[in-house]
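Subject: Structure handover

Hello,

Here is the structure I promised you. Please open it and keep it beside this email as you read.

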Amino acid sequence: MARLRSRVSDVMTLRPDIIAKGPRDWRAPPNLADFDNARATFTWDAARRELAGLPGGGLNIAYEAVDRHLNTAARDHIALRWIGRRGQRRLISYAELAAHSNRFANVLRALGVDKGERLFLLCGRIPELYIAALGALKNGSVVSPLFSAFGPEPIQTRLAIGEGKVLVTTEALYRRKVAPIRDRLPRLQHVLLVGEDGKTTAVPGTLDLVTLMANAADACEIEPTGAEDAALLHFTSGTTGTPKGALHVHGAAITHWATGRYALDLHADDIYWCTADPGWVTGTSYGIVAPLMHGVTSIIDEAEFDAEHWYQLLQEQDVSVWYTAPTAIRMLMKGGPEAARRYRFPRLRFIASVGEPLNPEAVWWGKDVLGLPIHDNWWQTETGGIVIANTPALPIKPGSMGKPLPGMDAAIVRRREDGAIEEITAPDTEGELALKPGWPSMFRGYLNQEERYRKCFAGGWYLTGDLAKRDADGYYWFVGRADDVIKSAGHLIGPFEVESALMEHPAVAEAGVIGKPDAMVGEVVKAFVSLNSGYTESEALRMELLGHARKRLGAAVAPKEIAFLPVLPRTRSGKIMRRLLKARELGLPEGDTSMLEGSS
Ligand code: ATP
Ligand code: MG
């Protein structure tokens, strides 16, 4: 019997610590049913052999994602179902995607773009972005997708340090964001423009992509890339400081394939929706590569987040597998369960989340409101693919990130005083999350930061910079980023635990927790909360939240101070920026805020 613990909500309920699963919870037989056996027998070599490989030898992500389906039944299957901002629709089959991406590769070839040269993408979620990414990979170019809401500064910095030779963007984005900085980008040789609604353009200093594509052949010889050839350059989210450029190789496709199978449970007949923008690694690894490799139909929604629109899409598109993020889930939760209950999701069978810790409240919300628990998984830009996950095979412990996937070896470690790395085997003990290098999608370097890259490795481990613990059943629990952990009166306090406890209170929509220097105890815990609709800040509510947290966490861990904020500062990829909460609280310089949502 699962132990019961109480949880405060509108109605007091008792929640088990575990969400058990059985065959009745699986709406399709899962790819991963026997977790332990899969872990014991999995090898990356065997996974590599499940990929096609280039006909003449070698490995290319775009070939694995698109062209290898051309001799199968998937050829005429819809690869991308695009839904435009104004409700326009476009369906692109695998065969069409192959032809379009071939044309794009030929455009690059005609421009003299060589293997290894870098191409940046700055587009909203429009079909051309997907076509250009795949075509550029076929050409052997290194693709770096940028988030289209970036202002001119972050665009300029990335293009400059990434030595971008080609930029694909839209006429509107070019005029607003690139033209003003163009003279600061001497290495940028070609700007390829897409007009509004895919129309032609004529802007001085740029090339019209529509015309170039129309004149290019739709067959091409894919550059014979190897597994170790560079393929993608992804910038990190900038949650802890200036973003780093993580380099990835074509061999990453092996991880994308295996994790799409195990962690997202992709089946060929799935309608899959990854809500992440391709400007972030999730939107590329799992918004482009993994779903295409599995031959599924992906929903591409151009519009920004809107709760009604999202529920409507889930329903009308018959989404079966949905990969989203805690911020989005919290925003849906903020809208209340009634909004969701106006819709039906009979085909939805698997929901996963990544990017930030997923509070237990959110896991339960999925089960209560959508009928399915949300499967949290953990990874980083640096890991290139999902590492630790809740999978269909195992029960969920809400608040845990799950277990390392087949092929991934993790440990909790600490650095001894002599500098050596020591593995912590005792359960429930906090330390740094470390991974055994060797999985194919591991980053191969930080652009121009060799020393920083080298420092990520010690004692045979890759050190993630995140603190976590492992319980006796082998489940991993996120504690906080090493930079965010609070040291108070000899205790190490992880912000996630405090934030999750606050979120159990019905008034709290979001919480961000920091350590505030204190002469007596080192640091005291301070929480910033935003409230759900229907609640207003008051002294009485502050006292109630302080009391609630003390009851849940004990006096040593509970916040001593709580402040109300209308919204918490977030990165453009949606993560709470605790370092900014702290800088503002202490009146310190805010550091690099180019990644702050809403900044220009
Ligand atoms: P930067 O490295 O520039 O500070 P970032 O670490 O936020 O930014 P990403 O690579 O996008 O950049 O995010 C990876 C980090 O996000 C992880 O190291 C971890 O801190 C956090 N994260 C991702 N998924 C989870 C999860 N499921 N639970 C807890 N934390 C997560
Ligand atoms: Mg990071």
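β16 gives the most to the shell around ligand 1, contributing three residues. Strands here (E, at least two residues) are DSSP runs, numbered from the N terminus. This is a predicted model, where local features need pLDDT of at least 70, side-chain atom pairs count only at pLDDT 80 or more, and totals for chains, interfaces and linings use all residues. Residues are numbered from 1 along each chain as its sequence is written, chains are lettered from A and ligands numbered from 1 in the order in which they are written, and side-chain values use heavy atoms, with hydrogens and water left out.

In total, 21 residues surround ligand 1 (near means a heavy atom within 4 Å). Among the closest are N377 and K575. The shell divides into five nonpolar, nine polar and seven charged residues.

Now the polar contacts (N or O pairs within 3.5 Å). The side chain of S237 places an N or O atom 2.7 Å from an oxygen of ligand 1. For T239 that distance is 2.5 Å. For T381 it is 2.5 Å. Alone, ligand 1 exposes 630 Å², and the protein buries 95% of that (Shrake-Rupley method, 1.4 Å probe). Two elements give two or more residues to the shell: β16 (374-378) and β25 (476-481).

Next, the domains. There are two, domain 1 (93-246) and domain 2 (486-586), with bounds from an automatic or database assignment. Their C-alpha centres lie 41 Å apart. Nine residues of domain 1 and seven of domain 2 make the contact (heavy atoms within 4.5 Å). About 590 Å² is buried between them, meaning accessible area (1.4 Å probe) lost on being put together, summed over both. In domain 1, F147, S237 and T239 lose the most area to domain 2.

Best wishes

Technical notes. A polar contact is a pair of N or O atoms within 3.5 Å; within protein, one must be able to donate a hydrogen and the other to accept it, and residues adjacent in sequence count only if both atoms are side-chain atoms. Helices (H or I, at least four residues) and strands (E, at least two) are DSSP runs, numbered from the N terminus. Ala, Val, Leu, Ile, Met, Phe, Trp, Tyr, Cys and Pro count as nonpolar, Asp, Glu, Lys and Arg as charged, and the others, Gly among them, as polar. Buried area is the accessible area (1.4 Å probe) that two parts lose on being put together, summed over both.
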